Amino acid sequence: MPSYFIILLIIGLTTLLASFSPIVLKYFKISYTIPFLILGGVLYYLKAPLPWPDPIWDIDSTLKFSEMVVIISIMVAGLKIGLNYTWKEWRNPLRLLGITMPLFMIFVFLYSYFILDFSEALALLLAAVLSPTDPALASEIQLNEKQSDVSKRNIGVKYNLTAEAGLNDGLAFPFVYLAILWSKSDNLNSEVWTTWLSYHVLYKIVVGVLVGILIGFLYSYFTTKLTKKRESKIHQAFVAISLTLVSYGLAELMSSYGFISVFFTGLFAHYHAHIHGESNNYEPSLAFITNVEKFLIIFWMVFFGGSIMGGILNFLDLKLVLFCFCLVLVARPVLGYVALTHSGLDLKKKLAISFFGIRGIGSVFYLTYAIKNGEFENTDQLFSIISLVILISIILHGLTVKRSISKI
C-alpha cells in the first residue's frame with residue numbers, strides 16, 4: 001500500500017513540474033522532454049516503485065502505451081494541418097515521404113546487413129522501425145495551431161515537419177509487415193510478395209485512408225448542420241480524443257492501418273466548414289488533446305529515462321554507437337536535403353527540415369509490434385540501437401530546436 005501512495009505522489013509532482021516547466025524552459029531554450037528524461041533517470045536511481053524495464057521493455061505494456069501516444073499525436077498533426085494547404089504546398093512533405101524515407105530505409109538495410117551482419121529480416125525490420133519521424137517528440141517543431149491562410153507565413157519548416165510526421169508512421173507499417181513475413185519464411189517468394197503488395201500495401205493503405213476521410217467527413221457534416229441550431233451544445237474537449245479512438249478502432253477492425261486513418265480523420269474533421277468558408281462552432285478542441293498528448297509524452301520520457309539507467313543500452317558496441325550517430329547526424333540531414341533540392345525553399349529552411357527528422361516513440365511501437373508478431377532472433381541489439389537513436393535525437397534536437405526555429 002505505501003508504494004501506491006508513492007506512485008500517486010510521483011505522478012502528482014511530475015505533472016505539477018510539467019505545469020511550471022514553460023516558465024523555466026523559456027530561459028534555457030531547451031525542449032521540455034530533456035528535464036523529464038533526466039527525472040526518469042533520477043527516479044530509477046532512487047528506486048522509485050514504478051514498473052521500470054529490466055532492462056528490455058515489457059513487450060505488451062510498451063506496445064499499448066507507445067501506440068496510444070502515437071495515435072493521439074497523429075490526430076493532433078492532422079487537426080493542425082486540416083485542409084488549409086494546397087497541392088503545391090503538399091509537394092514538399094511528399095518529397096520527404098517519397099525520397100528521403102525510402103533512401104533512409106535502403107541505407108539502414110544495406111548497412112545492417114553487410115556491415116553489422118544482421119539477417120535479412122532483422123535488417124529490414126531495423127530499417128522500417130527507424131524510417132518514420134516522430135509526431136510526438138517532434139511536437140515542439142510542428143505547427144502550434146490550426147493554420148489559416150492569413151497565418152501561413154514563415155511556417156515552411158513547421159508545416160513540412162508536421163505533414164511528414166503525420167503520414168510516415170502509417171507508411172512505415174507495410175515494411176514492418178514485410179519484415180515480419182520475411183522472419184517467418186526462408187525467402188521472399190512470389191506468394192509472399194503477392195500477399196504483401198495486395199493486402200499489406202494496397203488494401204490496408206486504401207482502406208485506412210477511406211475510413212479516415214469518411215469519419216472526418218461525417219463529423220464535419222453533422223456538426224456543420226448543428227451550428228444552425230444555436231441552442232445546441234456539445235463537449236468540444238472530448239471530440240478529438242473520441243475521433244481518434246473511433247477512427248483507429250474502426251480501421252484496425254477492418255484490418256487496415258489505423259495510423260493513416262487517424263491522420264486523415266484529423267484532416268477532414270473541418271471539411272464542411274472549410275469548403276463553405278464558415279466557422280464551425282463544434283470543431284474539435286486542439287487545446288485538450290494537445291494537453292493529453294503532452295501528459296502521455298511526459299510519462300513516456302520518465303520511463304525512457306529509467307530504461308537508459310536500467311541498462312537498455314548495454315547491448316551496444318562501438319560500431320553500433322557510430323552507426324546510431326551517423327543516422328541522426330549524417331543520413332537524415334543529407335537525404336532530407338537531397339529530397340528538398342528543388343523544393344523552392346530557401347537554404348535555411350531546407351537545412352532545418354533536413355536536420356530535425358526526430359526519431360522517437362513510433363519506432364518503439366513498431367519494434368515491439370514486430371517482435372510480438374514475428375519470429376525474430378537476437379532483438380536485444382535492436383532495442384539498444386533504437387534507444388540510442390532516440391536518446392541522441394532527444395538531446396541534440398532538444399537543445400537546438402528553440403534556438404534554430406526562432407532564427408528561420
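Residues are numbered from 1 along each chain as its sequence is written, and side-chain values use heavy atoms, with hydrogens and water left out. Because the model is predicted, local features need pLDDT of at least 70 and side-chain atom pairs count only at pLDDT 80 or more, while totals for chains, interfaces and linings use all residues.

Helix 9 is a handy place to start. Helices here are DSSP runs (H or I, at least four residues), and strands are runs of E of at least two, all numbered from the N terminus. Helix 9 is mostly covered, with eleven of its eleven residues buried. Buried means under 20% relative accessible area, exposed means over 50%, and partly exposed is in between, using a 1.4 Å probe and protein chains only. The buried set is made up of G258, F259, I260, S261, V262, F263, F264, T265, G266, L267 and F268.

One partner of helix 9 (residues 258–268) is helix 3 (residues 59–81): their axes lie 7 Å apart and the angle is about 30°. That angle makes helix 3 roughly parallel to helix 9. Axes are lines fitted to C-alpha atoms, for helices over the stretch in contact, and angles run from 0 to 180 degrees between N-to-C directions. Angles under 35 degrees count as roughly parallel, over 145 as roughly antiparallel, 65 to 115 as roughly perpendicular, and the rest as oblique. Helix 3 and helix 9 cross in a right-handed way; a crossing is right-handed if the near helix is turned clockwise from the far one by less than a right angle, and left-handed if anticlockwise. Helix 3 brings V70, I71, I74, M75, A77, G78, L79 and I81 to this contact, and helix 9 brings F259, V262, F263, T265, G266 and L267. Contact means heavy atoms within 4.5 Å. Sorted by class, the contact of helix 3 with helix 9 has eleven nonpolar, three polar and no charged residues. In this scheme Ala, Val, Leu, Ile, Met, Phe, Trp, Tyr, Cys and Pro are nonpolar, Asp, Glu, Lys and Arg are charged, and the others, Gly among them, are polar.

Helix 8 (residues 236–253) also packs on helix 9, at about 140° and with axes 8 Å apart. That makes helix 8 oblique to helix 9, and the crossing is right-handed. On the helix 8 side, L243, T244, S247, Y248, A251 and E252 meet G258, F259, S261, V262 and T265 of helix 9. This contact of helix 8 with helix 9 splits into five nonpolar, five polar and one charged residue. Helix 8 has a further partner in helix 7 (residues 190–226), where the axes come within 10 Å and cross at roughly 145°. The crossing of helix 7 and helix 8 is right-handed too. V211, G212, I215 and Y219 of helix 7 touch V239, L243, V246, S247, L250 and A251 of helix 8, giving eight nonpolar, two polar and no charged residues.

Two loop residues stand out for their backbone. Most residues other than glycine have a negative phi. S255, in the loop between helix 8 and helix 9, has a positive phi near 60° and counts as partly exposed at 29% relative accessibility. K47, in the loop between helix 2 (33–45) and helix 3, likewise has a phi near 60°, and at 71% relative accessibility K47 counts as exposed.

Next come some buried residues. R332 sits in helix 12 (residues 318–339) and is buried, at 2% relative accessibility. The side chains of R332 and E164 are joined by a polar contact of 2.7 Å. A polar contact is a pair of N or O atoms within 3.5 Å; within protein, one must be able to donate a hydrogen and the other to accept it, and residues adjacent in sequence count only if both atoms are side-chain atoms. Leaving aside neighbours within four places in sequence, the contacts of R332 include L96, T100, F104, T133 and R359.

F104 belongs to helix 4 (residues 87–115) and is buried, with a relative accessible area of 2%. Beyond four places in sequence, F104 touches L130, S131, L327, A331, R332, L335 and R359. I361, in helix 14 (residues 361–373), is buried at 0% relative accessible area. Not counting residues up to four places away, I361 touches S66, V69, V70, D134, A136, L137 and W300.
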